[in-house]
Amino acid sequence: MAARSVFSPNASTDKASKETEEKTSADWPPDTGSLAVPAWTEQTIPGKDVGLLAARPIRRGERIMARTPAVMVDGAAVDALPVAAVAGLLHDAASSLPRPHRAQFFNLSTNYGADGSSKDANEAYQIFATNAFRTGIADGGPDLHSVFRDVSRINHGCQPNCAYFFDPATLAHNVYAVVDIMQGEELTVGYIDPVQTHAERKAKLHRHWGFGCTCARCAQPPHRVAESDDRVRSIRSLLETLDNYTTAAGGSETGTGPAAAELLVLLFALEGLHARMHEAEYRLALEWNGAGDGLRATQAARRCLDRGLLVRGAEQAFLSSMRALVADPTTHWSWRFRLGKNDNKEQGSACTRNENGTAADMGVSERDEV
Ligand SMILES: [Zn+2]
C-alpha cells in the first residue's frame, strides 16, 4: 500500500511481518505462467513504508502479477452495517485464508492511527478501507470492493510505470508495465486521475490516503509544476472539444482535427501519462478517420489497441471500436465525420460516453475511496 504508514517502523518486527520480509514474486502461490526470474521484490522504502522494486529489467507490456482477492466486500454491507460489524466479518474472512496469505493481509499498511486511535479495535476494517480496490463485476451489479495481497503494496505515482485492471472473468487483478522499468526502480500505479493539477492531486491523495506525493512530477521546482499544471488544463480543454463529435472540421480554431489530437498525444507524453496514452491515441484515430485519412487513423488505432489492452483488458467497447476501424476505416462510424460526409449511422454506438462526453469505458482503474 502506498500510504505512508502512520505506525512505528518497528511494527515490522511482529510475527506477520517476519513471514513476509523476504517475499518476492516467486512466493506461494506461484503465478500461472510466471516468469523464471522474479519481477519484483518487496522492500522498505524511505518515507513510504513498504513498496515493490523491480528485481530485474521489466519490458513494457509485461504482466508483473495477477492476483485474486484476499477479501471481497459488497459496498452495500459497508454502508448498512456499523464499522465494528464489518470489521468483525472482515476479520473472520481474512482469518480463514491460508496462513501466508492471511499474514500478508494483516501486514498491509493503513493510514489510520495518526490521531492516536488504535490499530487493534477495527484493524481488518482499517486495512480494508486503506487498501481496497473497486472491483464491480458488471454495470448494475453489486458495488464490490476487494483487497489483494502484493497489488496493495504498489505505491502511488503521478506518472506511474504500471497499470492494472480487474478481470471479472477470472476475478484476477492484473498489473502490467506501461513503460520499460529498470532494475531497482520502484513499481508505481495511479491511485487517482493523473489529469489533475498538482494542488488537486495533493489534496485528493492527502484526503483519502493521508500521504504527500514525492514522485518526480510532484517534486519539480515551482515553475516546472506551473508548466505541468498548464499542460493539464490544455489536456482537459482538448478532451472537451475533441469529444464533441458534432463539431465540423475547423482546424485549430475549433480545437478539433488531427493537429489538435496530435497535440493531445504530445501533452500526454510530456506529462508522463503512459498508463493513459490509449485515450489520446483513441482521439487521434478518430480525428484522422474523421478527416478521411484511413491510413493514419489505422496507425493511431493500432497504438490505442497496443496501449489499451494493457490497462483495460480485451473486453472493452472502445477497443472493439478500434478493431473495427483497423479492419475497415471507411465503414467505421467516424469515417469523414468531421467533414459532414458521414453516411455511417452508428456514431456513438461503439463507445458509450459519460456525462462529460468522454468514452466511459476508457478510463483506467483508480484506487478505491471507501
Ligand atoms: Zn505525484
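Which residue in S9 does Met65 stand opposite? Met65 stands opposite Val175 in S9.

This is a predicted model, in which local features need pLDDT of at least 70, side-chain atom pairs count only at pLDDT 80 or more, and totals for chains, interfaces and linings use all residues. Residues are numbered from 1 along each chain as its sequence is written.

**Sheet and helix**

Strand S3 and strand S9 (residues 172–177) are joined by four bridges in the antiparallel sense. Strands (E, at least two residues) and helices (H or I, at least four) are DSSP runs numbered from the N terminus, and two strands pair if DSSP finds at least two bridges between them. The order S3-S9-S8 describes an open sheet of three strands with antiparallel pairing. Its edge strands, S3 (63–67) and S8 (162–167), each pair on one side only. From one strand to the next, the twist averages 15 degrees.

Helix H10 (residues 294–312) lies across S8 and S9, at about 65 degrees to S8. Axes are lines fitted to C-alpha atoms, for helices over the stretch in contact, and angles run from 0 to 180 degrees between N-to-C directions; contact requires C-beta atoms, placed from the backbone, within 7 Å.

**Positive phi in loops**

Asp150 is found in the loop between strand S6 (144–147) and strand S7 (155–156), whereas Leu171 lies in the loop between S8 and S9.

| Residue | Phi | C-beta neighbours inside 10 Å |
|---|---|---|
| Asp150 | near 65 degrees | 23 |
| Leu171 | near 60 degrees | 14 |

Asp150 counts as buried because it has 23 such neighbours, and Leu171 counts as partly exposed because it has 14. A residue is buried with 20 or more other C-beta atoms within 10 Å of its own, exposed with 12 or fewer, and partly exposed in between, with C-beta atoms placed from the backbone.

Definitions and conventions: Two residues are in contact if their C-beta atoms, placed from the backbone, lie within 7 Å.
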